[in-house]
Every structure is written in structure tokens, then in C-alpha cells.
Amino acid sequence: MVCPAAPLLLLATTLPLVGSPVVQASQPGQSQAGGESGSGPLLDQENEAEESVLVSVYVHLDFSDKTWPPAVSRTLALHAASASSAPRPLLTGLRLTTECHVNHEGYFYCTCLSGYQWNTSICLHHPPCQSPDNHQPCGCLIFSHPEPGYCQLLPPGSPVTCLPAVPGILSLNSQLQMPGDTLSLTLLLSQEATDLSWFLRHPSSPNPILLQPGTQVSVTSSQGQAALSIANMSRHWAGEYMSCFEAQGFRWSLHKVVKVPLKATDVARLPDQLSISCATSPGFQLSCCIPSTNLVYTAAWSPGEGSRAFSFNASGSECFVLAVQRCPAADTTYTCDLQSPGVAPLRVPISITIIQDGDITCPEDSSVLTWNVTKAGHVAHAPCPESKRGTVRRLCRADGVWGPINSSCTDTRLLALFATAKLLQAGQGRPAEEVPQILAQLPGQAAEASSPSDLLILLSTMKYLANVVAKARIQLDHSALKNLLITTDKVLDMDTGSLWTLAQARKPWAGSTLLMAVETLVRSLRPQDQPFAFSLPNVLLQSQLFGPTFPADYSISFSTRPPLQAQIPGHSLAPLVRNGTQISITSLVLRKLDHLLPSNYGQGLEDSLYATPGLVLVISIMAGDRAFSQGEVIMDFGNTDGSPHCVFWDHSLFQGKGGWSKEGCQAQQAASASPTARCLCQHLTAFSVLMSPHAAPEEPALALLTQVGLGASILALLVCLGVYRLVWRVVVRNKVAYFRHAALLNMVLCLLAADTCFLGAPLLPPGPRSPLCLAAAFLCHFLYLATFFWMLAQALVLAHQLLFVFHQLPKHRVLPLMVLLGYLCPLGFAGVTLGLYLPQGQYLREGECWLDGKGGAFYTFVGPVLAIVGVNGLVLAMALLKLLRPSLSEGPPVEKRQALLGVIKALLILTPIFGLTWGLGLATLLEEVSTVPHYIFTILNTFQGVFILLFGCLMDRKVQEALCKHFCRAQAPNTTISLATNESYILEHSKGGSDTAR
């Protein structure tokens, strides 16, 4: 086969409505003219053939040589070429290029025939016909005037097929994509291409859908190559994929069909399971319905004996029904086996339970819906009303009593909007056009919402729209924003008991979803529609646009109850104005929303202790197309009762479900004398105020006492180190004294470092983002724990001496064990706490460089301390028993008085050293406790360094003797008692008691 030569002439042939056709030659330069851009109704050439008239046909002439025939400059008759005897070029062929029809409104629909196409310049200025059968780009255009024009010959291709040479090859990894797979389409280009786009035509829709980058779609391009990738394939991505691009002056389109099998969740069963009494219902029907797809499915039921199977189409789905005419004698599982060529069969089981005599059943109930007799422990199913999709379920309890009705019925129109919004986020469609269209339909859907499923689907639709707007940076006009606010007002006004409570039982974070969606969408108002104000019973919005010059401070007020005011200082706005950037500030008040948010409280907040004013204030700043979250804002929430806590809703808390947080916000005293809750926050988001009527007021005296006690302890511990520097060699001459003083010295070092770190921590910037604050909290945790573990080491050494009087401890073994216990154990506790709770945001206390008192981090400190205090208490009790028995029972009155004096002195010495006063910390952990335990705990423990200096160091007889020798050069009187003296005293009385007993 030889392809014809390139054409030398295109003849425009006009076909009159009446009479014989006349062929006219047109000038070569005029044949390519196009008409002006026009618009008109779409042409359906099959259904409206009687309303359109063929007015012209453009023909393609092929000549045997390249000589231009003079006859073509004038009108030709069809027989002229053969009648002349003069040598002329031989006309070798005549082919049609373009057909033009005119419809009843006067618009010309000009279609290119095979091998021809409108060039790009004409295609861009005229609308396409969009015929369902025309997949060729620029193959049919609409003209408003009968101006001459013709389709041009496409570049020649193969000499065998004579098809045009498409400058590209489209390939895909597999035509059959399994659910969950990733589709890969690759376009290899042989010519330079521009204006490349990807489209998907669904089996049930004639119009192609634009594909853009989204959560599932990714598009890449490089020199001579372009690729489309779609992750997590499903039935929503089955259809004909098209790659459209411009090259060589023409518009090209390449196609690939992709098929995706259904999965089990795509099949709707009615019912899921069934319990039936053969005596009352000898027959029943089972059905499995599948959505429309480009795969052909057939259904086979098993068992199928005594049954009749049939199918029908309804509302975009195909249902396969099995009419069982004979009730089975025993429990049976019916299977709907869905098969398609080349695809693994999909089996859908439906369990049938037969009610036998004596079984407990729930009676027939026709109060709202018709519920047949159902066996106890089984769930009965009922279909949803028309225009709704889902099932209605009702449990028959074990005692034969019907449970509550659980409906998942959802409006089909709302489900369609939800599916469109979800696919927009995934990458299907044109967000700038479709988002306002969906928002325009939401108010009506919100007004008709009648079930928790409707509410949840509506909120999910708003969430997807917000995600699309934020990613694509779409600007909404005032009408779209009004539709959003009307929808939000209706949602907030929905009945709490019948809708919100049941919806929150399924998804407790539903209110947080609404807040996130509204926050994102309201700041997307386009600048030309500002200023903008809108007010509804539950929604109040004010948006203002500022140019390069703006007022010193931005302030806004709302006439709510209580009244609400907000102010942003000018110094927070000044850094945003650069190079003439316009600033948009949007303030939104939402009523009732705070009662719909989950009761989640972050660091520094208590559960179930708070009331809210019923208002949530949302403030956002947009500079150009960028949103700013940092900025100082001052808010007055009106008169409030109780202790206010300024909070904001942090969507990142509680694994993304959201919660109230105090980070970056603090309450301030209002200028007026009225009890106004004033909040100062360093960021912009959704704010409110929590009132805690039982919160204890802050005690400045307690904070001052803490600082004074820590300062005194630090000085006392420094003095203790100086004393040990002078007397160390004198007081550690035997093993028992060495162990005791070594433990006491390490205890002093750890407590000195811990008190210094704790006292200086308030000077550091708080928050988990401050490395210095994190380091201070970690060091305080480790050093305080090390102090207690050295107390434990000292107590264990004393317990060994009490229990094993004649057994001596080797120094080379005991001292390394004491070091491991005193430093390695607390380091392990502190490190594990940091690694476990810091990623969860529960490590630091709000506004402080110390462990979070409301989470598990604080108890990793309290737990070991209380355990050590308990062990030290047992050792103290053991020492007291050694002192009291047998001296108090067998000795003379003088010895009894000496024993009692030893007990009292032992209590004075061992209690502060072994940290038993920290046991009072249990009282401070109780809620609604008075301030008295706090004062006692603060005094006893902040002054612990002073107690250690007095009772652990200076009251030791050997220390006193060494100091007197160093300073006074005299013998100190032996009238004091030390820990070592007590140990000797206890041991001597133990031996003496034993001898007396003999």
C-alpha cells in the first residue's frame, strides 16, 4: 500500500439545500481561514439529525505532479477535467476532510474526518463539540459564522497503515490493577510537547476528569518523558486514561484502558446475616449489589437448589438476587460468587440461622420499621428508606428483648458530595471550580441531615474540602464563604441528643474536625471581597484587608454574651508587611462549639474541672497566599466566674484528635475592676477560656519560702563540704564510718547540684523547644533521684550492721556497689523518662522546667522516692526496736530515760538524712487539699540541706573533736550523739540484751 502524496489544493464545496451540488474552487490562501470564537449548544448528531443540515464539505485533492492547474482559479464543473484534450495534471484522488452541520440555532458544527484535525491556533479560539463519540482532540469545533475553514492533514506516519505519526508512545505497567496497587503510566515523546495534561474517563461518565497532584496522584515530567502515578488503586480509578498534549501544531491524545476488580467492601449485602423461622417464613430473599465498573461480573449462588436467581440494575449499581423458596432445615451459609474473566472470583457469604423450637427469640415488631422474629444474640437488618444508602440494624439481646435501633443510613446526595470531595483531595477534578459548587449544596444537606451518619459524612466532606483548599491555595469568593458559614451555623444548631451525642459516640473528635475545616476555609477569602462581615446566631465573622499602611493596633469586638474583644499589637503585624504585601485578618466566633469538642486537656490542665463561656474565637492572618500562626494577641472574654485558664485548641494533641493546651497563653489581670478574663497568647489559632471553680489560688508566700529554703540549703551544703575538707581523714578511720560519710558526702554533692539547678530553672525559657529547659529538667530529675538512692545506700549499710553484728563489709566490694546504686539507677530512670514522655509532649510541666505533674513523667520521680522512703522507714523502725528492747523492759529507770533519749535523737538524725519528710508529698498530690501540707512539705524539704549540716555533720562527735582540734586545740565534751554513736549504742544494747537474757 502506497500513501497518497501531500495535497496541493483543498477545495471548499458548498452543498445547497435544493438542487444539484456545485463544486467551487477556493483560493489557497483563503481555505485556512477560521471563524470568530463562539459558543452554542452541544450537538448530538444522532438524536438531532433532523434539526441539522449539511451545508458544506471540504475536499482534499491529490495531483500527479506539482504543477498548479490554472483551472482551479475559477469555478470548475465536475466533467471539466476529463473533457479537455490539452495535457493537464492528472487528478488521482478526491477525499473528504471536514464536514460541517448547522443546527436549529444557527451554529456550525465542523468535524474532521479520519487523518485530519483542526490546528492548534483555530482549536484554541473555538469551543469543542464534546460529542460522546468523539475522543479525538480538536476533532470537532463550533463556529458561530459560516466562514471558510478546513481540517489539516496530520503528519504522515507508516507507509503501510497510512495512519498519522503520533509524536509519543503511552505505556502502563499493567492493564489490570489489583486493589491497593500503584498504577504507572509513562509517556515517551519524540517531538517537543507543551500543555501536557492527564485525564480519566470513568465507565459511567462520558466526560473526562482532569488529574492533578493529590494524595494519590503524582505527576512528573522531564526531557522527552512524562509519567503519571496513582497509589492505592480502587474501583474509583478504573476507566480510560488519556494523555493530551500539543506538538507539531496539533493537539494529540493517547489512551489506555485500566481495569480494577472489586473488593469485598465494595459489595453491599442485604442482609449481612439472617435468623428466620421456617414455620412463619418458608421463603426469603438474599441480594448482593455491586457498583458500576468496566469489568463484566456474573453471580453464581451456592447452594442454589430450590431457589431462583435474577438480577436488576438500580441507581448506578447491579444487584444479584437469590429468592430462596424452600427454607433450609439447618443453619446455612449462602455464598454470592462474583466472577469476571481474568479476575479471581469474589465470594461474599451470608449466614442464615434457623430458629428451632425452644429457642429464645425477639417478637415481631412493626412500631417504626418491620422487624421479623429474630433469634436471641443475632442482629436483624432492615433496608434504608429511599434516597438513603446503608442498613438499619437492631440487636436481639440474649434475654429476648430488642435493643436500640442502630442506623447507618446516609443521604445518597450527601454521599455523592462526599465522594467528590474525597476524590478532589486524591487528585481527580478541578478544585477551583468544584469546591464552590460543593459548598453551594452543603447548606441544604445540613438542613436535611437526620442521622448521625449524615452528620459525620457532612463533617468529613468539609474536612476534605478544607484540605483541598489549603493544598491548592484556592481563594473563595464571598458567596462560597457564606455557604460555608450557613452550613456551620446549621451544624452547630443540630440537636445534641439525637445527632451530636450519637455521632461523638462513633467519632469523639467530630467537633475537632469541624473546627479544623472551618479554620482553614474562612481564611481563604479572596482579597477583592474584603472587607467582609457576616452574622448568624452561632457564627460571627469579620474579615479586613490592610495594605502597606495599617493602624497601630488591630482591634475587633463582638456583641456576644459575654462580650468578646481581641487586639493584635502593631509590632506583631509590622514584620509581615514587606514589598507592599497586603494583610488579611479574619476573626471568627463560634458559639456552642466548645461544648462539642472532646474533653481532652493537655499539660497543666485537669480533666472535668472546667466550664467554658460557650465561645471559641478563631483569628488568622494571611499575607499574600501564606498563613501566619505566630503573633501576639490579647483577648477579653468578659465576666467569668472562677479561676480562668487561657487555652487554645491544639489539633496535634492526643494522636491528632485535638485537645486544650495552655502553651504560649497566659491569663492577665484586666485593667478594669470587673472580673474580666484577659488572655495573652503568642500565636494565632482557636482560643477560649476555661474556668476552674475549685482551683487553688497561687501562693506568692509559698514561692518565696521555696526560694529562701533552697538558698539556705545551698549555703549549708557548701559549709558541709568545707567541714569535710577539714576533718575527712579523722572521721573515716573505720569501715562503718567510712561507708556512712562516703554516702553522706555524695548525698551532699547531688543535693547541692540539684538545688542549684532547680533554683535557676525559672530563669530559663520554658517549653519543650528550649534545650536549656529540657537539660535543667533532666538534671533536676537525675540529681534528686541520685540523692535519694545514696540515702538508700546509707540505710542499707546500717541495716546490715544491725542484722549482722559480727560480719564486716569489705570496702573494695561495697563502695563500687554503692556508686552503681547511687548514680546508675537514677540515670536509668531519668533517661527512660525523657525518651518515653518527651515525644508524647508529656515531659515538661506547662510554663516550668520540671516534670509534668499531670502525666506519667512526674510519677517516675515520685515512685522511686516513695519506695526509698518506705525502705528507709523500715530501717529506722529496726533501729528503734534495737534501742527499745531489752533496755526499756529490763533496765533501771535511768537506763530507760537514756534509751528514750537515744530514740528521740535517732529520730532527729535519721529522719532528715533518710528523706522521710518527703513522705508528706503524698498529701500535696491530692486534689482540693488545703495549703497547710504544702507549707509543711516546703519547709521540711527545701531546708533539707540545713538539716543534713546540723544533724548529719556537726552533731557527729568525731567531727566536733576534729573541728576543736583544728580551731580550738582543745578536747570537746562528750555530750552529743551522732549517727555512729547511735550505731554503737544500738549494737552494744543488742549485745547487752543478749547477755542479760542468758
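Okay, let's start with a pair of side chains: arginine 394 and aspartate 365 meet in a salt bridge, 2.7 Å from N to O. This is a predicted model, by the way, so keep that in mind throughout. The two partners come from distant parts of the chain, 29 residues apart. Arginine 394 belongs to strand 28, residues 391–396, while aspartate 365 sits in the loop between strand 24 (361–362) and strand 25 (374–375). And both are buried, arginine 394 as well as aspartate 365.

How many salt bridges does the structure hold? The count is 13.

Next one, arginine 201 with glutamate 240. Their closest N and O atoms are 3.4 Å apart, and that makes a salt bridge.

Four strands make an open sheet here, ordered 11-10-14-15, with antiparallel pairing. Which strands stand at the edges? Strand 11 (209–211) and strand 15 do; each has a single partner strand, so one side of each has no neighbour in the sheet. From one strand to the next, the twist averages 30°. If you zoom in on strands 10 and 11, you'll find three bridges joining them, antiparallel. Take leucine 200: its bridge partner in strand 11 is isoleucine 209.

Back to salt bridges for one more. Aspartate 266 and arginine 235 meet through their side chains at 3.5 Å, N to O. Here both ends are in loops, 31 residues apart: aspartate 266 between strand 15 (250–258) and strand 16 (268–270), arginine 235 between strand 13 (225–230) and strand 14. Aspartate 266 has 18% relative accessibility, so we call it buried. Arginine 235, at 27%, counts as partly exposed.

Okay, on to the backbone, with a couple of cis prolines. The peptide bond from serine 302 to proline 303 is cis, and omega is near -10°. You'll find proline 303 in the loop between strand 19 (298–302) and strand 20 (307–314). Then there's glutamine 530 to proline 531, also joined by a cis peptide bond, with omega about 5°. Proline 531 is placed in the loop between helix 8 (510–522) and strand 31 (532–535).

Last topic, positive phi. Arginine 473 isn't a glycine, yet its phi is near 55°. Where is arginine 473 found? In the loop between helix 5 (452–472) and helix 6 (478–492). Its relative accessible area is 54%, so arginine 473 counts as exposed. Lysine 592 isn't a glycine either, and has a positive phi of about 70°. That lysine 592 is in the loop between strand 35 (583–591) and helix 10 (593–596). With a relative accessible area of 35%, lysine 592 is partly exposed.

That's my tour, happy to take questions.

Note on methods:
Residues are numbered from 1 along each chain as its sequence is written. This is a predicted model: local features need pLDDT of at least 70, side-chain atom pairs count only at pLDDT 80 or more; totals for chains, interfaces and linings use all residues. Side-chain values use heavy atoms; hydrogens and water are left out. A salt bridge is a side-chain nitrogen of Lys or Arg within 4 Å of a carboxyl oxygen of Asp or Glu. Helices (H or I, at least four residues) and strands (E, at least two) are DSSP runs, numbered from the N terminus. Buried means under 20% relative accessible area, exposed over 50%, partly exposed in between (1.4 Å probe, protein chains only). Two strands pair if DSSP finds at least two bridges between them. Axes are lines fitted to C-alpha atoms, for helices over the stretch in contact, and angles run from 0 to 180 degrees between N-to-C directions.
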